[in-house]
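Please walk me through this structure one feature at a time. I would like the general idea before each case.

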Amino acid sequence: MIQRPRGTADRLPDVAPAWQLVTETFQRQCELRGFAPISTPTIERTELFTRTTGDATDLVQKEMYSFEDRGGDSLTLRSEGTAPVVRAYVQNGLHNLPQPVKLYYVTSIFRYDRPQAGRYREHHQIGAEALGDPSPAVDAEIIDLLQATYKALGIDDLRLELNSLGDPDTRAAYRQALVDYFTPLTDRLDAESRERLKTNPLRVLDSKNPAVAELCDDAPRSLDYLGESARAHFEQLQNLLQALKIPYRINHRLVRGLDYYNRTVFEFVPPDAGSQSTVGGGGRYDYLAELMGADHVPGVGFGSGIERVLLNVERRGMTPSRPQQTDVYIAPLADGALESAMQLAQRLRFAGVTVESGFRAASPRSHLRRASRAQARATLLIGARELERGVVALKPMNGTAQIEVALADVVAGVQKVLAVST
RNA sequence: GUGGGCGUAGCUCAAUCGGUUAGAGCGUCUGGUUGUGGCCCAGAAGGCUGGGGGUUCAAGUCCCCUCGCUCACCCCA
């Protein structure tokens, strides 16, 4: 049997209510803040990701689903949510709208990686981006949007971690400071960290190796290397978060895995953090547009994994389910009743009644069992006796006596029964 | 890419030291009433024991390979 690709999942009907809860809650919070929906293609030109995400990142080095199309172009399945939205903003001239342009999306993300708890090759993210405004107030609103979404979902115990990476002009100095600090300690770094020290020194701070982590505690901090304007930006953001009563913790080792971030970076992590546990994160990326050859466009945004959000919804003991919604089950008892059954279903649905119709003539027992299992509130039985006289048997499923209704009066009869039987 | 654990029916699991026809519960379908649901009862369908090779008189069980799932590392959401 052909099986689904590794790291992908079939989403069966029983989990649909939980998914809907997450996406609808997010949409609601977005609309409350004037964010509008956007969707971008599943495939993009490979350069969009390689040039913005960064060559030294794991995402680019080993996790992209890239392929050559028939015309010889290299395309890549969306590996990240932000760059495509920025691309769409630039390509469609959205800078002509009032700024900032506030956008949100619900989409799938593809990364070639070994699956494990909370990690998949295809996963789904809710995300938002605010483009065209450098103000820290926009950072605050972005964080507020994500925090409010979690809260509305009953998740109120995530820890918000915050840091500022500064701007490109001060990044070089900070980078050099890290190199200067770690180079004498090279023999105490693991192989991975040594490699990073050469390619992307900031990421040494990311290491979870306890020995390396210990060294990181005394490493130079990015906050000490911020320029005047970046420092003010970070302070202002913190003032706003405090005004909004959104608690946070500054994490000097938070650098995020993608190269395009500057200034604000943040992550939401659960209290009993395992390693695959970041539920959502994001930051500012004022220089991202230029990396793809466009004019300067400041921006800030986040992505949050729906699968991981759901892990936390479940962890909080909430498992949304949808009640069965069938109002009426139609039971054809004789072969000749099938047409009438489907016609009735059509009429009832036109009147807004939820109907399931049996697809073949069978015994009342068999049909009623099905009706029960569908949790129908009423069943219409159509057999030879009814056909002969132009009526149907209308049986409420709550034990009330069954009645006979003329075909012409079925819709009214059903509505009457549904109104009283709850 | 590296390492650990696990693969028996749709699901959750049995199967003695390697022993004869691989079982149960749930679920599904049918019947118990030739036109009346849920509960109950009966029956049926459903298995290449993940796949391949090996050891043995005999393999679900032991060995090797492989595939899949899973957990962890790396990294991310």
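**Reading a predicted model**

A: The centres of domain 1 and domain 2, taken over C-alpha atoms, are separated by 51 Å. This is a predicted model, in which local features need pLDDT of at least 70, side-chain atom pairs count only at pLDDT 80 or more, and totals for chains, interfaces and linings use all residues; side-chain values use heavy atoms, with hydrogens and water left out. Residues are numbered from 1 along each chain as its sequence is written, while chains are lettered from A and ligands numbered from 1 in the order in which they are written.

Q: Which residues of chain A belong to domain 1 and domain 2?

A: Domain bounds come from an automatic or database domain assignment. For chain A, domain 1 is 13-167 + 227-315 and domain 2 is 328-420.

Q: How many residues line the second largest pocket?

A: Rolling a probe the size of a water molecule over the atoms shows where empty space is left. On a 1 Å grid over the protein atoms alone, a pocket is an open set of points where a 1.4 Å probe fits, with protein on both sides within 12 Å along at least five of seven lines; lining residues have an atom within 4 Å of a point. Here 19 residues line the second largest pocket, and Arg 11, Val 15, Trp 19, Glu 307 and Leu 310 lie nearest its centre.

Q: Which element gives the most to the lining of the second largest pocket?

A: Helices (H or I, at least four residues) and strands (E, at least two) are DSSP runs, numbered from the N terminus. Helix 11 gives the most to this lining, with four residues.

Q: Which residues have the most contacts inside the largest nonpolar core?

A: A nonpolar core is a set of buried Ala, Val, Leu, Ile, Met, Phe, Trp, Tyr and Cys residues joined through side-chain atoms within 4.5 Å; buried means under 20% relative accessible area (1.4 Å probe, protein chains only). The largest such core has 42 residues, and Val 86, Leu 103, Leu 131, Leu 178, Phe 182 and Leu 205 have the most contacts inside it. Helix 4 supplies its largest share, five residues. A second, separate core has 38 residues, including Ile 126 and Val 300.

Q: Is Gly 283 buried or exposed?

A: Gly 283 is buried, because its relative accessible area is 0%. This residue lies in strand 10 (residues 280-284). Leaving aside neighbours within four places in sequence, Gly 283 is in contact (heavy atoms within 4.5 Å) with residues including Tyr 261, Phe 266 and Gly 301. Gly 283 and Gly 301 are 18 residues apart in sequence and 5.7 Å apart in space, C-alpha to C-alpha.

How values were computed: Buried means under 20% relative accessible area, exposed over 50%, partly exposed in between (1.4 Å probe, protein chains only).
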